[in-house]
Amino acid sequence: MAKNVIVIGSGAAGMTAASTAKERDPACKVTVFTEDEDIAYSPCAIPWGIEGKSAWSDIVMHTPEFYSRERGIDVHIRTSVESVDESAKTVTAGGVQYPYDSLVIATGGKVFVPPVEGASLGNVFVVRTIRDGKAIQSALDGAANVVIGGAGVIGLELAVSLKDMGKDVTVVEMMDQVIPRIADKDMADAIQSHLEDLGIRFVMGAPLQSVNGSGKVESVTAGGVTYPCDVMVFATGVRANLDIPRALGLDIGVLNAVVVSPTLQPYRRGRIVPDIYVAGDLVQCESAIMPGPTMSQLGSTAVKQGSVAGNNAVSGEKMLFGPVASPWVSVIGEKQIAGTGLSTSLAAWYGIDVVAGKATGLTRARYHPGGTELTVKVLADATTHRIIGAQIIAGEEATGRIDWLTAAAINGMTAEDFAYRSENAYCPPTSMVQDVVISAVRDLCRKLHQ
Ligand SMILES: Cc1cc2nc3c(=O)[nH]c(=O)nc-3n(C[C@H](O)[C@H](O)[C@H](O)COP(=O)(O)OP(=O)(O)OC[C@H]3O[C@@H](n4cnc5c(N)ncnc54)[C@H](O)[C@@H]3O)c2cc1C
């Protein structure tokens with residue numbers, strides 16, 4: 001008999017799960033509940049939406065009407081799921097009970113706001129939804145000074161957008177480098193100095209102490225210094241949204257996210273829970289680099305998990321979600337920055353000694369116009385010589401290169417294997433005859449054999 005599937009959440013994971021379920025079994029009934037008013041949009045585009053480079057309407061891929069008309073999926077917006085009754089197999093949303101055969105929990109993450117005084121003042125925001133983006137955009141009207149809490153990728157993307165809008169931008173970060181955790185300090189410092197050249201101010205190694213003002217934010221104190229502020233945005237990290245998983249007593253892992261099987265089913269006291277699937281930012285993943293838990297709060301991961309969860313919700317032929325290296329890329333000012341696998345500090349967390357190789361060259365042949373500088377850093381496990389991570393800063397074409405290194409890392413290639421077996425396609429407008437990726441790995445091999 002055709003299944004009745006309920007999906008909680010309309011982000012990348014939830015809408016992919018809904019569409020996949022319907023695609024695999026067109027006879028199934030799929031209902032999505034979401035607290036949001038906009039669905040199926042790209043949060044990744046919000047920094048450019050605030051600046052006006054992307055129209056809000058273009059960021060939203062599809063409307064509830066589209067899902068109903070084209071895919072036969074019923075989407076209830078502004079409708080919170082209040083509870084799930086596993087024994088009756090129902091969810092309660094907006095005070096009404098709905099039955100399900102399979103349930104997909106795709107409730108995403110919540111922005112972590114550090115517990116500082118004044119964080120709830122007016123003109124203080126988080127950035128997660130289009131609603132947040134629009135609220136920030138209207139508060140910026142007439143604002144001169146903006147403070148961004150957090151120098152992660154999202155904080156930096158936002159800093160550049162707001163600087164481009166003519167604001168005086170200060171980024172406050174408690175760690176001593178930008179893009180902490182996932183980028184090495186030397187690469188992070190190069191990005192920071194690029195952004196300082198664009199006029200963005202950084203306050204590093206300075207935990208936020210207070211947000212000050214009466215009614216609305218007027219200044220922000222960090223590291224003992226007070227900075228004038230008309231608009232403040234917290235970009236201080238994302239935590240898994242565990243409201244529903246906790247209410248259901250699902251197992252929560254060491255990284256404070258839901259533990260799942262490769263079929264994306266959760267556990268309760270170590271036993272798989274039937275008929276429930278979990279996908280997106282609330283899932284604890286397995287690392288492809290080093291057996292152990294990791295987080296992969298990325299749109300690309302959410303889509304991949306959504307398709308596995310949606311398939312498994314309706315099909316006996318189960319799909320599996322594998323371990324992740326979590327490649328990421330961003331455009332920050334005039335630079336693209338990308339990374340994959342472990343950084344040096346994450347490797348230390350796993351107890352791995354790291355050797356690094358690095359090379360700088362160009363994205364195109366030296367004589368071909370338009371090429372930009374390209375720096376590639378590749379990390380290997382000092383004992384096994386396996387490639388465990390990489391980072392890239394370039395003016396262009398970082399994505400293909402980081403995807404190449406990701407494939408090497410997840411397939412367990414050693415540095416020597418890579419240097420010996422990897423080849424690069426070449427044409428003057430696209431690369432140097434020996435790509436900088438290969439030069440970096442050769443440097444790594446030299447260091448491993450010193
Ligand atoms: C500004 C920004 C930039 C980003 N840039 C990138 C990027 O460049 N590349 C990249 O890979 N990733 C990026 N990300 C991360 C990426 O957007 C997320 O990893 C992805 O959107 C997570 O999708 P999700 O479906 O798991 O969660 P979400 O998109 O958070 O969706 C969760 C959904 O659950 C709903 N919900 C929660 N609780 C309930 C409830 N009780 N009842 C009903 N509905 C509920 C919410 O309303 C929401 O619809 C960015 C994120 C942000 C915020």
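**Close-up views of a predicted model**

**View 1. Strands β5 and β6 form a hairpin with two residues between them.** In the turn of this hairpin, G94 has a positive phi of about 55°. The model shown here and in the other views is predicted. Pairing between β5 and strand β6 (residues 96-99) is antiparallel and runs over four bridges. Across this pairing, T92 stands opposite Q97 of β6.

**View 2. Strands β4 and β5 form a hairpin with four residues between them.** Here the turn holds K89, whose phi is positive at about 55°. Strand β4 (residues 81-85) pairs with β5 in the antiparallel sense, over four bridges. D85 has T90 of β5 as its bridge partner.

**View 3. Strand β5 (residues 90-93) is covered on both faces.** On one side lie T90 and T92, and both are buried.

View 4. For G299, a backbone N or O atom lies 2.9 Å from a ligand oxygen. A polar backbone atom of A12 is 3.2 Å from an oxygen atom of the ligand, and for a polar backbone atom of L298 the distance to a ligand oxygen is 3.3 Å. Taken alone, the ligand exposes 1,000 Å², of which the protein buries 88%.

**View 5. The cysteines C44 and C285 are in no disulfide.** The count of disulfides in the model is zero. For C44, the nearest cysteine sulfur is that of C285, 16 Å away. From C285, in turn, the nearest cysteine sulfur is that of C44, also at 16 Å. C44 is partly exposed, with a relative accessible area of 49%, whereas C285 is buried, with a relative accessible area of 6%.

**View 6. A40 has a positive phi and is not a glycine.** The value is near 50°. Most residues other than glycine have a negative phi. A40 sits in the loop between β2 (29-33) and α2 (46-51). A40 has a relative accessible area of 9%, so this residue is classed as buried.

**View 7. E397 has a positive phi of about 60°, although E397 is not a glycine.** E397 belongs to the loop between β28 (387-394) and α11 (398-410). The relative accessible area of E397 is 48%, so E397 is classed as partly exposed.

Note on methods. Residues are numbered from 1 along each chain as its sequence is written. This is a predicted model: local features need pLDDT of at least 70, side-chain atom pairs count only at pLDDT 80 or more; totals for chains, interfaces and linings use all residues. Side-chain values use heavy atoms; hydrogens and water are left out. Buried means under 20% relative accessible area, exposed over 50%, partly exposed in between (1.4 Å probe, protein chains only). Two strands pair if DSSP finds at least two bridges between them. A disulfide is a pair of cysteine sulfur atoms within 2.5 Å. A polar contact is a pair of N or O atoms within 3.5 Å; within protein, one must be able to donate a hydrogen and the other to accept it, and residues adjacent in sequence count only if both atoms are side-chain atoms. Accessible areas come from the Shrake-Rupley method with a 1.4 Å probe; for residues, only the protein chains shown count as cover.
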